[in-house]
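Here is a short report for someone meeting this structure for the first time. Keep the sequence and the 3D view at hand while reading.

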Amino acid sequence: MKVVEVIPKLCTGGAERFVVDLSNELTSREADLSILTLFDKDETCVLEKFVNDSVPFHRLGKKSGMDLGCMSRLYRRLKFENADVVHVHVGAIPYILLSVFLLKKTKFVVTLHADIEHEMGTKLGFLIRRILFHRSNVHPVVISNLFVVDFETLYAARPAVIENGAKCETTSRL
């Protein structure tokens, strides 16, 4: 199975540490995995050094603010990767919009790592997420049962719940 992790960058933070740990675990289980970061590497990307050397990195050169060109670059890279599963985190979520519509056979797992209202950001961010979470190839995940009601209220969709820090042997819903 080909898995691609997508995150803005691997600086300090819970979602970023999660991506590092998950990538290392999946690689140890011989998954075909790569990491795409929206931004280029800079001095804040301190967690990259903890990723297994066998995990390929690709950086998309995102500019600050909403960068529509990055959305197109992400789509082209995901098409090239031919992933079975694309796992998306935090600020990378709006950038998968084009890919979700064009890569219909790919499953997109979208993990929300924080309070639902905090993570949606702007009104545009909310609208993009609402569209995404109603697509059959997008599977939202929240990291606590505390976030389920807020998620269902805002997006009128049901997320999977994987408790923060819990070890999972299988993901049967996907």
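## Arg 29 and its partner

Arg 29 is partly exposed in this predicted model. Its relative accessibility is 48%. The side chain of Arg 29 forms a salt bridge with Glu 25. The closest N and O atoms of that pair are 2.7 Å apart. Glu 25 is partly exposed too, at a relative accessible area of 37%.

## Other salt bridges

How many salt bridges does the structure hold? The count is seven. One of them joins Lys 2 and Asp 32, with 3.4 Å between the closest N and O atoms. Lys 2 sits in strand S1 and Asp 32 in strand S2 (residues 32-37), so this pair ties together parts that lie 30 residues apart in sequence. Lys 2 is buried, with a relative accessible area of 11%. Asp 32 is partly exposed, at 43%. The pair also belongs to a network of salt bridges that links Lys 2, Asp 32, Arg 77 and Glu 81.

Arg 73 and Asp 67 meet in another salt bridge, at 3.1 Å from N to O. Are these two residues buried or exposed, or in between? Arg 73 is partly exposed, with a relative accessible area of 23%. Asp 67 is buried, at 9%.

## The sheet

Seven strands make up an open sheet. Their order is S3-S2-S1-S4-S5-S6-S7, and the pairing is parallel. Which strands stand at the edges? They are S3 (57-59) and S7 (160-161). Each has a single partner strand, so one side of each is left without a neighbour in the sheet.

Strand S1 covers residues 2-7, and strand S4 covers residues 85-89. These two strands pair in the parallel sense over four bridges. Val 3 stands opposite Val 85 in S4. In general, the strands of a sheet pair through backbone hydrogen bonds.

## Two nonpolar cores

Nonpolar side chains tend to be buried together in soluble globular proteins. Here, the largest nonpolar core has 38 residues. Val 6, Leu 132 and Phe 133 have the most contacts inside that core. Helix H2 (residues 68-81) supplies the largest share of the core, with five residues.

What does Leu 132 touch, leaving out residues up to four places away in sequence? Its contacts are Ile 93, Ile 96, Leu 97, Val 100 and Val 138.

## A buried threonine in a loop

Where is Thr 106? It is found in the loop between helix H3 (97-102) and strand S5 (107-112). Thr 106 is buried, with a relative accessible area of 10%. That value is under 20%, so the residue counts as buried.

Leaving out residues up to four places away in sequence, Thr 106 touches Ala 83, Asp 84, Val 86 and Asn 137. Ala 83 also has its backbone oxygen 3.4 Å from a polar atom of the Thr 106 side chain.

Methods. Residues are numbered from 1 along each chain as its sequence is written. This is a predicted model: local features need pLDDT of at least 70, side-chain atom pairs count only at pLDDT 80 or more; totals for chains, interfaces and linings use all residues. Side-chain values use heavy atoms; hydrogens and water are left out. Two strands pair if DSSP finds at least two bridges between them. A salt bridge is a side-chain nitrogen of Lys or Arg within 4 Å of a carboxyl oxygen of Asp or Glu. Buried means under 20% relative accessible area, exposed over 50%, partly exposed in between (1.4 Å probe, protein chains only). A nonpolar core is a set of buried Ala, Val, Leu, Ile, Met, Phe, Trp, Tyr and Cys residues joined through side-chain atoms within 4.5 Å. Contact means heavy atoms within 4.5 Å. A polar contact is a pair of N or O atoms within 3.5 Å; within protein, one must be able to donate a hydrogen and the other to accept it, and residues adjacent in sequence count only if both atoms are side-chain atoms.
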